[in-house]
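Q: I am new to this structure and would like a close look at a single part of it. Could you walk me through the place where the metal is held, and what lies around it?

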Amino acid sequence: MKSLQNQVAAFAKERDWEKYHSPKNLAMALSVEASELLEIFLWLTDKESQDLPEDKLNGLKEEIGDVMIYLANLANKFGLDPIECAREKLEINKRKYPANLVRGSGSATILYTQS
Ligand SMILES: [Mg+2]
């Protein structure tokens, strides 16, 4: 991940685009790219979404790439490692949603109503 973070920083610097990369703009761009990812699945049935045709699969690859690029850029602004952030959050989620309490219960709906 650090390598990707270095690459996206170099990409922006080479183009003098850092001036546009405020945390606000990067967060907004990340959301836009996540929405572009969603658009690939828009109006598909659950079954169709599990077996994407080649053109949609290629689009999905590009949007996952875009999301990762903006996530890396945003993390750079705060000196964060997204992988470490995800690991730390997963540990929080393990404590918040113990498998023995939520297994098979449609994720965390039971615990949401308790907090
Ligand atoms: Mg995109």
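This is a predicted model: local features need pLDDT of at least 70, side-chain atom pairs count only at pLDDT 80 or more; totals for chains, interfaces and linings use all residues.

Let's begin with the metal. The magnesium ion has four residues as its protein donors: Glu33 (OE), Glu36 (OE), Glu63 (OE) and Asp66 (OD). Read along the chain, the donors follow the spacing E-x2-E-x26-E-x2-D.

Take Glu33 and Glu36, which sit in helix α2 (residues 23–41). Because they are three residues apart in that helix, about one helical turn separates them. How buried or exposed is each of the two? Glu33 has 11% relative accessibility and so counts as buried, a class that means under 20%. Glu36, at 29%, counts as partly exposed.

Now step to helix α4, which covers residues 54–77. Helix α1 (residues 2–14) packs against α4 at an angle of about 85°, with the two axes 9 Å apart. That angle makes α1 roughly perpendicular to α4, since angles of 65 to 115 degrees fall in that class. On the α1 side, the contact is made by Lys2, Leu4, Gln5, Val8 and Ala9. On the α4 side, Met68, Ile69, Ala72, Asn73, Ala75 and Asn76 take part. Sorted by class, this contact has seven nonpolar, three polar and one charged residues.

Two loops are worth a visit as well. His21 has its place in the loop between α1 and α2. With 14% relative accessibility, His21 counts as buried. Leaving aside residues up to four places away in sequence, His21 touches Ala12, Leu26, Asn73 and Lys77. Asn73 is also one of the α4 residues in the contact with α1.

The other loop lies between α3 (46–50) and α4, and Asp51 is found there. Asp51 is exposed, with a relative accessible area of 59%.

Finally, a step back to the whole chain. The domain assignment gives domain 1 (2–80) and domain 2 (81–115). Taken over C-alpha atoms, the centres of domain 1 and domain 2 are separated by 25 Å.

Methods
Residues are numbered from 1 along each chain as its sequence is written. Side-chain values use heavy atoms; hydrogens and water are left out. Axes are lines fitted to C-alpha atoms, for helices over the stretch in contact, and angles run from 0 to 180 degrees between N-to-C directions. Helices (H or I, at least four residues) and strands (E, at least two) are DSSP runs, numbered from the N terminus. Angles under 35 degrees count as roughly parallel, over 145 as roughly antiparallel, 65 to 115 as roughly perpendicular and the rest as oblique. Contact means heavy atoms within 4.5 Å. Ala, Val, Leu, Ile, Met, Phe, Trp, Tyr, Cys and Pro count as nonpolar, Asp, Glu, Lys and Arg as charged, and the others, Gly among them, as polar. Donors are N, O and S atoms within 2.8 Å of the metal (3.2 Å for Na, K and Ca); water is not among the atoms, so sites may look incomplete. Buried means under 20% relative accessible area, exposed over 50%, partly exposed in between (1.4 Å probe, protein chains only). Domain bounds come from an automatic or database domain assignment.
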